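Welcome, and thanks for taking a look at this one with us. Below is a short tour, from the overall fold down to a single residue.

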Amino acid sequence: MSGTVNNPDDIKEILAVHHSWLDSNNDLVESKMYPNFANPGYLQFNLNGHQYDSVDEKVKLWEGLHQIGFNLSDMKIVEEPKVHAEGDLAYLTTYWSAQVSGDKGTGVLEPDPEPLVFRVTEVYRRDDGKGNPVWKIWHFHASPIASPDAPRFPQDA
């Protein structure tokens, strides 16, 4: 493992994976999603509150969303990603927005005319899950953001 911090070539490769992953979320395209993740090894904490322990589980989720007529579109980066890469490990944080649409919701995410804005954290390793030195996402975490008027600290309530 190299000790280089924020090597521009590493940042460029990580951002390319990030943008490819973001793009695959538009209309939930499994074939575009699959190559962005370590396999085996990928773990996701999804915005729906569930954990997915592999890329294959993520594909099963997206197939199910297609079956119920649920969709995400107009996926956008709201805040430019912040990337920290050191050696063969990196993390990225940002905010995304998405248009949630469809025939019905999931019980957690419901169709809404207003875009959904949420936080994103990605953990990268320069390892494709099979030991090849390629930047891949090993962990993805999406979570809701607090409303702008919610106090950040209890003493502000």
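## Overall dimensions

The radius of gyration is taken over C-alpha atoms, and the globule rule is 2.2 Å times the number of residues to the power 0.38. With 157 residues, a compact globule would come out near 15 Å, and the protein chain, at 16 Å, agrees with that. Its C-alpha trace spans about 45 × 45 × 25 Å along the principal axes.

This is a predicted model, in which local features need pLDDT of at least 70 and side-chain atom pairs count only at pLDDT 80 or more, while totals for chains, interfaces and linings use all residues. Residues are numbered from 1 along each chain as its sequence is written, and side-chain values use heavy atoms, leaving out hydrogens and water.

## Fold and packing

The protein chain has three helices and six strands (DSSP runs numbered from the N terminus: helices are H or I, at least four residues; strands are E, at least two). In sequence order the pattern reads α-α-β-β-α-β-β-β-β.

Buried residues (under 20% relative accessible area; exposed is over 50%, partly exposed in between, with a 1.4 Å probe and protein chains only) account for 37% of the 157 residues. Of the contacts (heavy atoms within 4.5 Å) between residues at least 6 apart in sequence, 61% join residues at least 24 apart.

## A look at Asn6

Asn6 sits in the segment before α1 (8-25). Asn6 counts as partly exposed because its relative accessible area is 33%. Beyond its neighbours within four places in sequence, Asn6 touches Ile11, Val83, His84 and Ala85. From Asn6 to Gly129, 123 residues apart along the chain, the C-alpha separation is 22 Å.
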